[in-house]
Amino acid sequence: MSHGTPVMSDSCHAKTSALAVNIPCNLAFVSADKPAPILIRLSGCKRVIWGKNATGIHSASGFYNQDVIPHRWVEKVRGSEQKYKSVNVRSQRADEIVIEDEVTVMSESVPSLKSIPGLPNPLGVSETENGINFALFSQHATSVTLCLSLPDRGDDASPNDGMIELKLDPHSNKAGDIWHICVQELPRSNIIYGYRVDGPRDYDLGHRFDNSVVLIDPYAKLIEGRRIFGDSTDKSSEFYGTYDFVSQPFNWGDNYALPNIPEKDLVVYEMSIRAFTADKSSGLEHNIRGSYLGVIEKIPHLLELGVNAVEFLPVFEFDEFEFQRRPNPRDHMINTWGYSTINFFAPMTRYASSGGGPIGASREFKEMVKALHLAGIEVILDVVYNHTNEADDKNSYTTSFRGIDNKTYYMVDGNGQLMNFSGCGNTLNCNHPVVMELILDSLRHWVTEYHVDGFRFDLASVLCRGTDGSPLDAPPLIRAIAKDSILSRCKIISEPWDCGGLYLVGKFPNWDRWAEWNGIYRDDMRRFMKGDAGMKGGFATRVAGSADLYNVNNRKPYHGVNFIIAHDGFTLYDLVSYNHKHNDANGEGGNDGSNDNLSWNCGHEGETSDVNIKALRFRQMKNFHLALMISQGVPMMLMGDEYGHTRYGNNNSYGHDTALNHFQWEQLDARKNECFRFFSEVIKFRQTHKVFRHESFIGKNEITWHEDNWENYESKFIAFTLHDGDEGDIYLAFNAHDYFVKVPIPSPPQARRWFRVVDTNLESSNDIVPEGVIGVGDTYNVAPYSSILLHAKP
């Protein structure tokens, strides 16, 4: 084989240039024993194919598009013009003869992308003594090509402009099911990469290979693509992996320490990073609104509120424009919740400030975690391992797993069709050994690299299904997460249901480690507060820690995460203002979102000027919040409920990057002395009284129920005393009747008197007085739909 000789058809000639040679098309480029690298700028060629010569070193055999090799790689010209004549070019698959006229080019020095077979581990990209190593798992692939886009692509260049492709030899670049290559002298940062993968085209066997798509490495630690959230001028941008071995390790600081808050002491604040500061009312500069740095600016608010853990809606890379890829009823919306993962390792790039890109996003995420930790606030991530962004077969969006090895990464049935237990078109094959290890590696990465404190697993019952979709009694993944040494310090919380009907509240496989979102707590509390009959016993069981669900083996009350409101469903204000969902803005004819919200509008649907209805709604919001904060277990509240955020009855607002979801800081300021003050003081009261935060389930000597009429179906009043000899007993009463209930108050402990701390029927600032108001008599007239808290003090 002749080496180092460019050849082309149609007697085309190129004009020499000090920088490059412009050549139209059908160019082949073959290596030489001692090649003199040639810089060639092309117009219109399709791709670069890199093959191997006899020595095992990769060399180019074509180029993709224009300006293939960046100008910065052009060194000074070495030598004079050289003439090359037509030669025979042998491809890897077949002999191919190309006859060309002679062409004059200039010899210029550019780095040669030499490679060696490399190593199969670790998966993803790693730096070795020999170069940059790439490793990709695909059991069923027959062909894998590494695609590289080099630095200095230009501000207007697409990443796939000038993408170089290195085809891997299955004989030397494959170990088992792992394809690998080590590229020498490759830059240590700012390289964009992906893979073309080919294999069987048989849908009935579960394969979805398509080598026309450049795929994202499942183990990519950073993702490059669109940089500004919601930039409508860049809707069609593609996403690729990238890496950074140049930046210095992040400086966590000498005074830095993990908060390590005991689970029983947590108060969780569920929030969206973007929505928290995206609104102009945040008062932040435009370039940091909706960013990781924006959260840092608002840490004082979190401290004033009193929460000590934030649970972030998904921060893994996702495409906010996914609804706009094709005409559909939702193509006016932007994904603002993020439950559509592209990659499990990379932080959301567009949450970086000022369009800072993937490296900036990684650094700023760490800055945010560090700042929160220094403030004593833990970071819990809402993670989505039940499905990905790649949708179903009807509306498929191949970006990674589907094209790399669909049959491994997703559950498929006996006919090769995607199973759907997530409600989103596909279901990750979580208990397949390869996928399980991917998930574990992802979780470890977020703990070791980003110092996060825990995870909430979306639709976690999917993780309890076998590769055929059937429920497992002892799911390997769930056990592995519980037993993993790196994850041992983490809070691990399941959403214990999925869209296939696997409802595991109180039954989630746990190994005494897993906590659960307590959906039964939410439902029972809503029913009682709105005045449903027969709910007194359920209310009592929930505030006491749901022993019926969690008092088994070595489980504790804090294994139940209590919540009344979460991101999906009504906000707290809407829960007391709407009987029905109002989702017309979603474009799905009101067919999306839950139909059974267990809500009550207090007498009028939606906004009203009726002062009595408005007062009742505020009272109900306070009742819910008080009940949540005095319950045994871990309380979780939703961002914005502290000032009464409304979505105007939309209970499925996932696609609105507007004030519907954005935190309204002006409204917070307007209600600071009313709603916010009450919420904040109740949280702080919980934090200063251990009687609400038992390590174990409370016994009969630790609580007295002032009730001898449990079987009365129509009774909607309940009162009880929590006993604490050190800090003083706490008396609580909740009245869900529409009339006053005059209740006898038990005698306080010896040498103590009852002080009124909370009466939700009173106006601010008398509705909560943390130090207490003396003068409680032998009876108390509890107003309709209200609650009280008394504290026994000396």
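Reader: Where is S765 found in this chain?

Author: S765 is found in the loop between β33 (753-759) and β34 (768-774), where strands (E, at least two residues) and helices (H or I, at least four residues) are DSSP runs, numbered from the N terminus. Before going further, note that this is a predicted model, in which local features need pLDDT of at least 70 and side-chain atom pairs count only at pLDDT 80 or more, while totals for chains, interfaces and linings use all residues. Residues are numbered from 1 along each chain as its sequence is written, and side-chain values use heavy atoms, with hydrogens and water left out.

Reader: Which peptide bonds are cis, and what is omega for the one that joins S764 and S765?

Author: Most residues other than glycine have a negative phi, and most peptide bonds are trans. Here the peptide bond between S764 and S765 is cis, with omega about 5°. The bond from N121 to P122 is also cis, with omega near 0°, and P122 sits in the loop between β11 (115-116) and β12 (124-128).

Reader: What is phi for N190, and is N190 buried or partly exposed?

Author: N190 has a positive phi, near 65°, although it is a residue other than glycine, and its place is in strand β18 (residues 189-198). Its relative accessible area is 34%, so N190 is partly exposed; buried means under 20% relative accessible area, exposed over 50%, and partly exposed in between (1.4 Å probe, protein chains only). S354, which is not a glycine either, has a positive phi of about 55° and lies in the loop between β22 (309-312) and α4 (357-374). With a relative accessibility of 49%, S354 also counts as partly exposed.

Reader: How many helices and strands does the chain have, and what share of its residues is buried?

Author: The secondary structure comes to 14 helices and 36 strands, and buried residues make up 60% of the 794 residues in the chain.

Reader: Which strands pair with β24, and in what sense?

Author: Two strands pair if DSSP finds at least two bridges between them. Strand β23 (residues 378-383) runs parallel to β24 and is joined to it by 4 bridges, with I380 opposite G454. Strand β25 (residues 491-494) also pairs with β24 in the parallel sense, over 4 bridges, and K491 is the bridge partner of G454 there.

Reader: Which residues touch the most other members of the largest nonpolar core?

Author: A nonpolar core is a set of buried Ala, Val, Leu, Ile, Met, Phe, Trp, Tyr and Cys residues joined through side-chain atoms within 4.5 Å. In the largest one, which has 170 residues, those that touch the most other members are F134, Y269, F312, L381, F455, F457 and F734. Helix α12 (residues 611-630) gives the most to this core, with 9 residues. Not counting residues up to four places away in sequence, the contacts of L381 include F312, W446 and F455.

Reader: What volume does the largest pocket have, and which residues are closest to its centre?

Author: On a 1 Å grid over the protein atoms alone, a cavity is a set of points where a 1.4 Å probe fits but cannot get out, and a pocket is an open set with protein on both sides within 12 Å along at least five of seven lines; lining residues have an atom within 4 Å of a point. Grid points are joined across faces, edges and corners, and a volume is the space filled by probe spheres set on the points. The largest pocket has a volume of about 1500 Å³, and of its 48 lining residues the closest to the centre are S422, G423, C424, N652 and Y654.

Reader: How many cavities of 30 Å³ or more are there, and how much space lies in the largest?

Author: The structure holds 6 cavities of 30 Å³ or more, and about 140 Å³ of space lies in the largest cavity. Among the 17 residues that line the largest cavity, A275, L638, M639, R647 and N661 lie nearest its centre.

Note on methods
Contact = heavy atoms within 4.5 Å.
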